[in-house]
Amino acid sequence: MKKLLFQFDTDTHPSVFDTVVAYDGGADHVIGHANLSPENIRSLVEGTIFTRPPKAKKNTAIFVGGSDMEAGQALFEAVQSYFFPGFQVSVMLDSNGSNTTAAAAVAKLASSGSLKGKKAVVLAGTGPVGQRAAVMLAQEGAEVCITSRKLEKAKQACTNMEKRFGVQLTPIEARNIDDRAAAVNDAQIILATGAAGVELLKAEHWENNSQLEMIADANATPPLGIGGTDMMDKGLERHGKIIWGAIGFGTLKLALHRACIEKLFEDNKQVFDAELIFKLAKEMA
Ligand SMILES: NC(=O)c1ccc[n+]([C@@H]2O[C@H](COP(=O)([O-])OP(=O)(O)OC[C@H]3O[C@@H](n4cnc5c(N)ncnc54)[C@H](OP(=O)(O)O)[C@@H]3O)[C@@H](O)[C@H]2O)c1
């Protein structure tokens with residue numbers, strides 16, 4: 001029986017990246033649907049749960065994606081609200097690679113040294129990747145701050161993550177590069193999760209910081225998020241700090257994403273969100 005992955009996306013086009021990784025992760029066929037929301041999802045979910053006999057339901061799975069974390073989270077919950085005993089399929093949430101990218105970055109940082117009790121600043125942490133990475137850092141025992149150019153946006157991200165995961169995050173307004181430099185002054189860990197091609201810090205803002213132990217940067221589009229690093233850095237030491245570049249940990253991100261897709265088809269009850277994805281990342285790191 002063919003393994004079917006239904007890609008339910010909150011954007012106007014289902015993510016091509018997610019489609020490619022879905023095939024590479026073992027799906028035989030990937031069917032993308034766009035512009036989805038809790039209001040228009042019901043019949044699609046019913047199509048996945050009512051069509052195959054109990055033992056064959058594991059061959060149908062749902063992947064929720066899109067660029068908006070909140071919309072993805074709402075869609076993911078709505079999908080599961082239509083499941084009932086005996087009638088469900090495995091599901092995964094990874095809006096903009098949020099869970100897999102965050103999990104890979106934090107797992108690689110954790111593999112470089114303990115994060116417990118350390119101050120971690122997630123620069124531009126209001127996007128899908130930053131929000132989930134902040135949660136995972138907090139779950140590893142770090143004291144985590146999220147910066148945004150707007151305080152309200154940082155507060156909103158912290159509130160959303162507290163509601164969903166019960167973690168305490170601290171919002172910081174950092175309107176420009178000088179504010180961001182000040183925000184990382186007493187940090188031991190910096191994780192940059194800014195939009196592609198946006199430089200958040202220059203080399204001079206971290207090279208001589210004696211408190212700082214580790215840096216990870218998710219942005220692989222030049223200019224990189226953190227000046228003075230290289231996207232290929234794989235736990236490399238620069239100026240006494242351990243650096244993980246976007247491709248340096250991105251290999252794990254892709255392997256993890258593929259592994260999650262493969263696992264979706266192992267049975268029909270898997271729920272891959274931050275918790276399970278991070279657990280798997282730490283096993284793979
Ligand atoms: N390495 C990998 O394997 C991998 C995989 C997936 C994604 N990525 C990368 O991960 C990064 C984060 O992804 P995402 O989807 O979470 O990002 P995003 O939503 O596009 O952007 C994250 C945040 O960047 C800030 N930002 C946008 N323009 C800015 C500017 N001109 N100056 C300063 N800050 C700015 C915004 O924060 P405020 O408005 O709150 O300031 C925004 O919320 C991206 O660079 C993406 O390409 C990497």
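**View 1. The shell around the ligand, by class and by origin.** By class, the shell around the ligand in this predicted model has 9 nonpolar, 11 polar and 4 charged residues. Of the 24 residues around the ligand, those that come nearest are Gly127, Val129, Ser148, Ala218 and Gly250. Two elements, helix 5 (128–139) and helix 8, each give two or more residues to this shell. Both domains take part, since the shell draws at least three residues from domain 1 (4–97 + 252–284) and at least three from domain 2 (101–249).

**View 2. The two domains and the side of domain 1 that touches domain 2.** The domain assignment of the chain gives domain 1, made of 4–97 together with 252–284, and domain 2, which covers 101–249. The C-alpha centres of the two domains lie 27 Å apart, and 14 residues of domain 1 are in contact with 16 residues of domain 2. On the side of domain 1 that touches domain 2, the elements that give two or more residues are helix 3 (69–81), helix 8 (246–264) and helix 9 (274–284). Of these, helix 9 gives the most, with 5 residues. By class, the residues on this side of domain 1 divide into 7 nonpolar, 4 polar and 3 charged.

**View 3. The packing of helix 4 against helix 9.** Helix 4 (residues 98–112) and helix 9 pack with their axes 9 Å apart and at an angle of about 40°, and the two helices are therefore oblique to each other. Their crossing is right-handed. On the side of helix 4 the contact is made by Asn99, Thr100, Ala103, Ala104, Val106, Ala107 and Ala110, and on the side of helix 9 by Ala274, Ile277, Phe278, Ala281 and Lys282. The residues of this contact divide into 9 nonpolar, 2 polar and 1 charged.

**View 4. The packing of helix 4 against helix 5.** The axes of helix 4 and helix 5 come within 8 Å and cross at roughly 45°, which makes helix 4 oblique to helix 5. The crossing of helix 4 and helix 5 is right-handed. Helix 4 makes the contact through Ser98, Asn99, Thr101, Ala102, Ala103, Ala105 and Val106, while helix 5 contributes Pro128, Val129, Arg132, Ala133, Met136 and Leu137. By class, the residues of the contact of helix 4 with helix 5 are 9 nonpolar, 3 polar and 1 charged. Val129, which belongs to this contact, is also one of the residues that come nearest to the ligand.

**View 5. The packing of helix 5 against helix 6.** Helix 5 and helix 6 (residues 151–165) have axes that come within 10 Å and cross at roughly 55°, and that makes helix 5 oblique to helix 6. Helix 5 passes helix 6 in a crossing that is right-handed. In this contact Gln131, Ala134 and Val135 of helix 5 meet Ala157, Asn160, Met161 and Phe165 of helix 6.

**View 6. The cis peptide bond between Pro222 and Pro223.** The peptide bond that runs from Pro222 to Pro223 is cis, and its omega is near -10°. Most peptide bonds, by contrast, are trans. Pro223 has its place in the loop between strand 9 (214–217) and strand 10 (234–238).

**View 7. The backbone at Asn96.** Phi of Asn96 is near 55°, which is a positive value in a residue other than glycine. Most residues other than glycine have a negative phi. Asn96 lies in the loop between strand 4 (90–93) and helix 4, and helix 4 is the element whose packing against helix 9 and against helix 5 is shown in the views above.

Technical notes: Residues numbered from 1 in each chain as written. Predicted model: local features only at pLDDT ≥ 70, side-chain atom pairs only at ≥ 80, totals over all residues. Domains from an automatic or database assignment. Contact = placed C-beta atoms within 7 Å. Helix = DSSP H or I, 4+ residues; strand = E, 2+ residues; numbered from the N terminus. Nonpolar A, V, L, I, M, F, W, Y, C, P; charged D, E, K, R; others polar. Near = placed C-beta within 6 Å. Axes fitted to C-alpha atoms, helices over the stretch in contact; angles between N-to-C directions. Parallel < 35°, antiparallel > 145°, perpendicular 65-115°, else oblique. Left-handed = near helix turned anticlockwise from the far one by under 90°.
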